[in-house]
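Welcome! Open your viewer, get the selection tool ready, and follow along one stop at a time.

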Amino acid sequence: MQKKEWAEQIKQFQNGPSQELKKKALQTRLLSYGRGVFLRGLIEFSNYCKNNCYYCGIRAGNHHVCRYRLTQQDILNTCKKGHALGFRTFVLQSGEDPWFDDQKICSIISQIKEMYPDCAITLSIGEKSKETYRAFFAAGADRFLLRHETADATHYRKLHPDVMSLENRKKCLYDLREIGFQVGAGFMVGSPFQTIETLAADMKFLEELQPHMVGLGPFLPHKETPFKDFPPGSLNLTLTMLCLVRIALPNVLLPATTALATLSEQGRALGLACGANVIMPNLSPPEVRGSYSLYDNKKCTGNEAAEEIALLQKEVENDGFFLDFSRGDSRVH
Ligand code: SF4
């Protein structure tokens, strides 16, 4: 579809998806993945970051964050706990923290793979060189999440300092895909200066990239960032974008994000009803969860916590789905 056509679609549903659009998204998801909801255990292993994205609560310029790094042993212990709870995908997420060099990351990957060969490893650790991505893949990493955040270069400039570029972000995503990773792109809905046209550019870019996963949630402000006074993204527009992504990319893995659950009590259920089919409970050691604050009031307890899997299971079943404890690989090829 042309960018202009995407803009028209988004405009038509900017106040929320129609019943018809939701039905189409749900049907598409049922055809691709049935009623299963895949689980990912999220391990936030370092909140150090060298970057200064204007929207992010753990940006380098925020000196009010209590910084932490998990040790390799902490990470392995966390995987052990997650494996016992039934998780078969671990998402290792951090800021862009140079302390975790290639060797350390490769060692963590290979140790997890050695201990849990039945599990998939997803990395979410930012922009690296192609050689580094290759080394991670060779060590056993399966998937890589790198949200592009906006596919419009002018908008990208307004969200990030000059040292970062959309061009490099896109290059990383294409490099990852070429190496053989299952790749996740994605964006915030309602980020400052976003327009219908920039959202249309996001849809166009996703169509071109054909990612295996799309992480898509509302922008939520953090009080220690330059964007602290901007309003949060709209729940309804986020649901519209979930529907449109599901319909445009039927086989994509699409999380009902923590940001969506933070924005609204009903966020997760609504996300699942609009085509989402992945949930990422927080598996990080409870004592560090509060410090990985990308935005204010981020949920990390109750049904967002990995320990509360029974609670989550009940909730998901009430919504007409079931938790699928398999690795949950993408059906995009
Ligand atoms: S969004 Fe990512 S790269 Fe940007 S400051 Fe936050 S953790 Fe760092």
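Predicted model: local features only at pLDDT ≥ 70, side-chain atom pairs only at ≥ 80, totals over all residues.

**Stop 1: a pair of helices**

Residues are numbered from 1 along each chain as its sequence is written, and side-chain values use heavy atoms, with hydrogens and water left out.

Helices (H or I, at least four residues) and strands (E, at least two) are DSSP runs, numbered from the N terminus. Two packed helices are described by the angle between their axes and the distance between the axes. How do the axes of H3 and H4 cross? Show residues 72-85 for H3 and residues 102-115 for H4: their axes come within 11 Å and cross at roughly 30 degrees. The axes are lines fitted to C-alpha atoms, for helices over the stretch in contact, with angles from 0 to 180 degrees between N-to-C directions. That makes H3 roughly parallel to H4, a label for angles under 35 degrees.

**Stop 2: Pro285**

Now select Pro285, in the loop between strand E8 (278-279) and helix H12 (286-289). Is Pro285 buried or exposed? At 12% relative accessibility, Pro285 counts as buried, which means under 20% relative accessible area (1.4 Å probe, protein chains only). Leaving out residues up to four places away in sequence, Pro285 touches Leu70 and Thr78.

**Stop 3: an annotated site**

Next, select Glu149 and Leu220, which an unreviewed UniProt entry annotates as "binding site"; such annotations may be inferred rather than shown by experiment. They span 72 residues in sequence, yet no two of their C-alpha atoms are more than 13.2 Å apart, so they gather at one spot.

Zoom in on Glu149, in the loop between strand E5 (143-145) and helix H6 (153-159). Glu149 counts as buried, at 8% relative accessibility. Beyond its neighbours within four places in sequence, its contacts are Tyr55, His160, Gly186, Phe187 and Met188.

Finish at Leu220, in the loop between strand E7 (213-218) and helix H9 (235-248). Leu220 is also buried, at 10% relative accessibility. Not counting residues up to four places away in sequence, Leu220 touches Pro232, Ala259, Thr262, Leu263 and Tyr295.

Key
Buried < 20%, exposed > 50% of the residue type's maximum accessible area, 1.4 Å probe, protein only. Contact = heavy atoms within 4.5 Å. Parallel < 35°, antiparallel > 145°, perpendicular 65-115°, else oblique.
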